[in-house]
Amino acid sequence: MKAKSFIATLLTTTLLASGAFAANLAIVSGDTGNGREFLRKQLDQFEKETGNKVSIVAMPANSSDNFGQYRLWLAAGNSDIDVYRTDVIWAPQLADQFLDLKAAAKDVIDQHIPSIIESQTVDGKLVALPMFTDAPALYYRKDLLEKYKKPVPKTWDEMAATAKEIQDGERTAGNKGIYGFVFQANAYEGLTCNALEWIKSSGGGQVVEADGTISINNPDAAAAIDRAKGWVDTISPKGVLAYTEEEARGVWQTGNSVFMRNWPYAYALAGADGSAIKGKFDVAPLPSGKEGQNSAATLGGWNLAVSKYSKAPEEAIKLAMFLGSPEQQKARAISQASMPTIKSLYDDKDIAAAQPLIPNWKAVFENAVPRPSAPTKVKYNEVSNMFWSAVHDTLSGNGTAAENLELLEAKLTELKGDSW
């Protein structure tokens, strides 16, 4: 019996080593920039270490489109996808479709920024493991601000005035294609993030407050959106109404904008060899709406969730744990300027040397503004859709902000019913 047992063990070990029992996994990726190429390098390392094979299911960068596709796949019990990359706001809506990672991650949970773990916990279940976090910044051309002797703007009005002055000056000097400011104004989740920043930093609340109160229909919120409407076709191209992150980065990185609002991923790309603005830009906290108000940066970030329909759940959990590990978060921070969720990495000397902005962003994340996904729960996607539609209508000239926010309040009230 002992001989048979030894042979069986040896055979099993040999088969595992040869990959006979290796899992074939699939992960969804809607990366921006060169993020998918970097993910492939990480997966190659995982394959080498585990014997598993991992394929990437490419998705568009538009997070709203991704969410719709995720819901279709999960509702159908699709077992072809093992690991989903999820937006920070999706945990309450998709919790029932994902495995609880709390037991697998019990030894590493305390290493993460607490608010981010909290955002991925629903009814005590860890729906997804953080991969990296996000909060946007104001990118600015330091060479142009120095040329025109302008300080980094602290308010949105100051930003707009500086953008207009430099834009006009540069066009007069022959650079006819330059604009003052680019941002994300397409009708999608990115506009929800932008508009929340304008409104919150102007004292206009958070659309729906933490206690579930619908707060969006107020003068400060309307004024903030009307201010942004004034940017379109003046300091921003009219086409900004169709911009997502990558369209904004495209204009910025070719040297055709003074300011840009974007996420940290754009920092590494704009500073890479071949970039027209390498060495000519820097970042600062987003402006506030008015004196006395704090800046507001929408909390973003991406996480790793394991489908409950996965045919290899244990190996899929290993993949999620690998990609969310301190080692892989450090590699992503150095290569992609992605912000870690592991607290200790903000003091890492290698990261500070490669991406000097990262250590300075720790306080931004700890005080970032969440979107109202927690109070609105499974209805958040509809709430956000209604909000960005009202804002996009205003930016496009279809009604005033006051009119559109009044209509939005009525729609949200009907959607809420007796409770969220």
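Because the model is predicted, local features need pLDDT of at least 70 and side-chain atom pairs count only at pLDDT 80 or more, whereas totals for chains, interfaces and linings use all residues. Residues are numbered from 1 along each chain as its sequence is written, and side-chain values use heavy atoms, with hydrogens and water left out.

The domain assignment divides the chain into domain 1 (24–134 + 300–369) and domain 2 (137–298 + 373–416), with bounds that come from an automatic or database domain assignment. Taken over C-alpha atoms, the centres of domain 1 and domain 2 are 26 Å apart, and the contact between them (heavy atoms within 4.5 Å) takes 23 residues from domain 1 and 25 residues from domain 2. The size of an interface is often given as the accessible area lost when the parts come together. Here the buried area, which is the accessible area (1.4 Å probe) that two parts lose on being put together, summed over both, is about 2,100 Å², and carbon and sulfur atoms give 67% of it. On the side of domain 1, Ile89, Trp361 and Val369 lose the most area to domain 2, together 27% of what that side buries.

Polar pairing across this interface can be stated in two counts. The rule for a salt bridge (a side-chain nitrogen of Lys or Arg within 4 Å of a carboxyl oxygen of Asp or Glu) finds 0 between domain 1 and domain 2. There are 3 residue pairs in polar contact, both residues at pLDDT 80 or more, where a polar contact is a pair of N or O atoms within 3.5 Å; within protein, one must be able to donate a hydrogen and the other to accept it, and residues adjacent in sequence count only if both atoms are side-chain atoms. Helix 3 (63–75), helix 4 (91–94) and helix 13 (326–336) are the elements that give two or more residues to the side of domain 1 that touches domain 2, and the largest share of that side, 4 residues, comes from helix 3. Helices (H or I, at least four residues) and strands (E, at least two) are DSSP runs, numbered from the N terminus.

Next come the strands. Strand 7 (residues 137–141) is largely enclosed by the rest of the structure, because 5 of its 5 residues are buried, that is, under 20% relative accessible area, with exposed over 50% and partly exposed in between (1.4 Å probe, protein chains only). In a regular strand the side chains alternate between the two faces of the sheet. In strand 7, Ala137, Tyr139 and Arg141 on one side and Leu138 and Tyr140 on the other are all buried.

Strand 7 pairs in the antiparallel sense with strand 9 over 4 bridges, two strands being paired if DSSP finds at least two bridges between them. Tyr139 stands opposite Met260 of strand 9, and Val182 stands opposite Met260 as well. Strand 8 (residues 179–182) runs parallel to strand 9, joined by 3 bridges. Strand 7 also pairs with strand 10, antiparallel over 4 bridges, and there Arg141 has Phe281 as its bridge partner.

Ser275 lies in the loop between helix 11 (265–270) and strand 10 (281–284). Ser275 is buried, with a relative accessible area of 11%, and a polar atom of its side chain lies 2.6 Å from the backbone oxygen of Ala270.
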